[in-house]
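This report describes a predicted model of two protein chains.

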Amino acid sequence: MNPGPWAVTARDSRTIVLLLFASLAAGLASNGLRPHPLPLVYVATPPVVEGSDLDLGHFEALVAAGEGLVLDARPELFHRVGHVPGALSLPREDFDAAYARLGQRLEHFRAGPIAVYCSDESCDDSRFVQMRLQRMGFRRVVVFPGGWDAWTNAGLGREVSHP
Amino acid sequence: MKTLLHSAEILLRALVGALFVYAGSTKIADPRAFADAIHAFHVLPVALIDPLAVSLPIFEVLVGLSIVLGWRLRENALSAALMTAVFLAVLIQANLRGLDTDCGCFGPGEWTALRSVPPIVRDLALLAGTLFLRLCRPAPG
């Protein structure tokens, strides 16, 4: 005997709802275990486009997403005293030695995105580092022109290097 | 005739199921890219994008595996057909609105062979396959 349409619909719904809930639970749990989990509410990934600069909002989103590389082009001492969380030091004045030190950590981001900053709007260390990296074949290297000043003025978190 | 139908079912189960497993796993590997792809279609409120981006790929993998294994085939084929119909509707509305967006169907590193087929054609073929799988077995009594 064929089952009625309601019995079929009930069986369909049970299976689909069961798998949907299992997927939602597994999805949320596995997201929580990721090193850089997605936030509960979507934040657009900053558009890191060749030749463009990042404003504070986009730079902050890139730092929060943790999927790009953030470079501090100021002298290394400044980086040690305080820097954007996760930023690595690649000072303009000591570019070659610092580049060699960073090695694989930089190579991993050859296709970008890489955001470079220095002190404030008036410094050009970040532009210099951007240009050097671009000449070495790195792609999607952008500058956050506001720099350390804009970051700290906005009251955003800082990280200190431990010797 | 019965043998032919059975062979077609097994072949389609392997094809359709594997495609769903592949589609899901590429998105599991890069949930942020999938969230960006969903966002680009402008069809969902922002609050739903990330929960969907982390759970839908797992649902795709579970449905795909169930289809390959033949577990609750009718129900899982229906899930697959409904998902495909929704993807198709989203793609068509994006085309009609002139949105220039990547399909996002198979994650960022999509197979070249899959890329050569227009997404709408691909989804229509997939929809036909899932409906066949839904109907090839009688409803359990």
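## Architecture of chain B

Read from the N terminus, the elements of chain B follow the order α-α-α-α-α-α.

Of the 141 residues in chain B, 45% are buried. Contacts in chain B between residues at least 6 apart in sequence were also sorted by separation, and 76% of them join residues at least 24 apart.

## Interface between chains A and B

The size of an interface is often expressed as the accessible area lost when the parts come together. For chain A and chain B, this buried area is about 2,600 Å², and carbon and sulfur atoms account for 63% of it. On the side of chain A, the residues that lose the most area to chain B are Leu19(A), Leu38(A) and Tyr42(A); together they make up 27% of what that side buries. The contact involves 28 residues from chain A and 32 residues from chain B.

Specific polar interactions also cross the interface. Six residue pairs are in polar contact, with both residues at pLDDT 80 or more, and two salt bridges are found between the chains. In a salt bridge between Arg11(A) and Glu75(B), the N to O distance is 2.4 Å. Helix H1 of chain A, residues 5-33, gives the most to the side of chain A that touches chain B, contributing 14 residues. By residue class, that side of chain A comprises 17 nonpolar, seven polar and four charged residues.

## Helix H2 of chain A

Helix H2 of chain A spans residues 56-65. Its buried residues are Phe59(A), Ala61(A), Leu62(A), Val63(A) and Ala65(A). An α-helix has 3.6 residues a turn, so residues three or four places apart point the same way.

The cover over the buried residues of H2(A) is drawn from both chains. Chain A supplies strand S1 (69-72), strand S3 (114-117) and helix H7 (147-153), while helix H2 (31-40) of chain B is also included in the cover. After H2(A) comes Gly66(A), which has a positive phi near 65°.

Note on methods
Residues are numbered from 1 along each chain as its sequence is written. Chains are lettered from A and ligands numbered from 1 in the order in which they are written. This is a predicted model: local features need pLDDT of at least 70, side-chain atom pairs count only at pLDDT 80 or more; totals for chains, interfaces and linings use all residues. Side-chain values use heavy atoms; hydrogens and water are left out. Buried means under 20% relative accessible area, exposed over 50%, partly exposed in between (1.4 Å probe, protein chains only). Helices (H or I, at least four residues) and strands (E, at least two) are DSSP runs, numbered from the N terminus. Contact means heavy atoms within 4.5 Å. Buried area is the accessible area (1.4 Å probe) that two parts lose on being put together, summed over both. A salt bridge is a side-chain nitrogen of Lys or Arg within 4 Å of a carboxyl oxygen of Asp or Glu. A polar contact is a pair of N or O atoms within 3.5 Å; within protein, one must be able to donate a hydrogen and the other to accept it, and residues adjacent in sequence count only if both atoms are side-chain atoms. Ala, Val, Leu, Ile, Met, Phe, Trp, Tyr, Cys and Pro count as nonpolar, Asp, Glu, Lys and Arg as charged, and the others, Gly among them, as polar.
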